[in-house]
Amino acid sequence: MKQQAVPYFTFEGTAREALNYYKEVFGGEITDLQTFGDANFETPPGMDERIMHARFRSDGLYFMASDTFDNQNVAVGNNISLALELDTEKEINELYERLKERGTVFMELQDTFWGATFAKVKDAYGITWDLNFEKAKAK
């Protein structure tokens with residue numbers, strides 16, 4: 001793994017507002033902000049301005065955030081996951097297989113338009129993991 005697990009917050013259309021709030025509270029900066037409209041895939045009407053992905057950094061604080069896709073609901077417990085940036089394709093495949101064995105797959109392991117292999121799995125204890133291996137940055 002490239003680093004420690006990173007908290008990933010999910011909002012129901014209020015990610016931009018929340019990120020600006022955290023900027024006021026903690027200082028720091030919002031980086032890598034991409035809306036669904038910026039993405040290279042078809043999105044439902046009204047989704048263009050929602051945040052697909054953003055990063056927040058302030059001193060030792062680091063997390064990522066996005067809005068839900070389309071009509072997904074946010075509830076306490078499903079509004080945060082842990083993101084892992086993995087070093088190799090072998091590593092992401094092994095972790096995916098282990099997690100899905102007793103867990104629930106939300107997004108199958110697959111190649112993405114952002115140049116990564118990605119999967120989203122809830123483990124046997126209710127923790128959701130975002131597994132990401134960026135092929136372009138592979139060693």
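The following exercises, each with a worked solution, concern a predicted model of a protein chain.

**Exercise 1. Overall architecture**

Determine how many helices and strands the protein chain contains, in what order they occur, and how the radius of gyration relates to the globule rule.

*Solution.* 
Step 1. The secondary structure comprises 2 helices and 8 strands.
Step 2. Along the sequence, these elements follow the order β-α-β-β-β-β-α-β-β-β.
Step 3. For 139 residues the globule rule gives 14 Å, and the radius of gyration is 15 Å, close to that value; the protein chain is therefore as compact as a globular protein of that length.
Step 4. The C-alpha trace spans about 40 × 35 × 30 Å along its principal axes.

**Exercise 2. Burial, surface and charge**

State what percentage of the residues is buried, and describe the accessible surface and the charges of the protein chain.

*Solution.* 
Step 1. A residue is buried when its relative accessible area is under 20%. Of the 139 residues, 37% are buried.
Step 2. The accessible surface is about 8400 Å², and carbon and sulfur atoms account for 49% of this area.
Step 3. The protein chain carries 15 positive and 24 negative charges, whose mean positions lie 5 Å apart.

**Exercise 3. The largest nonpolar core**

Identify the residues of the largest nonpolar core and the elements that give two or more residues to this core.

*Solution.* 
Step 1. The core has 11 residues: Leu-84, Leu-86, Ile-92, Leu-95, Tyr-96, Leu-99, Ala-119, Val-121, Trp-129, Leu-131 and Phe-133.
Step 2. Two or more of these residues come from each of helix H2 (89-102), strand E7 (116-122) and strand E8 (128-134).
Step 3. H2 provides the largest share, with 4 residues.
Step 4. Beyond residues up to four places away in sequence, Leu-95 touches Met-1, Leu-84, Leu-86 and Leu-131.
Step 5. A second, separate core has 9 residues, among them Ala-15, Ala-18, Ile-51 and Phe-56.
Step 6. In soluble globular proteins, nonpolar side chains tend to be buried together.

Terms used
Residues numbered from 1 in each chain as written. Predicted model: local features only at pLDDT ≥ 70, side-chain atom pairs only at ≥ 80, totals over all residues. Heavy atoms only, no water. Core = buried A, V, L, I, M, F, W, Y, C linked by side-chain atoms within 4.5 Å. Buried < 20%, exposed > 50% of the residue type's maximum accessible area, 1.4 Å probe, protein only. Contact = heavy atoms within 4.5 Å. Rg over C-alpha atoms; globule rule 2.2 N^0.38 Å. Areas by Shrake-Rupley, 256 points an atom, 1.4 Å probe, with all protein chains shown as cover. Lys, Arg positive; Asp, Glu negative; His and termini not counted. Charge placed at Lys NZ, Arg CZ, Asp CG, Glu CD.
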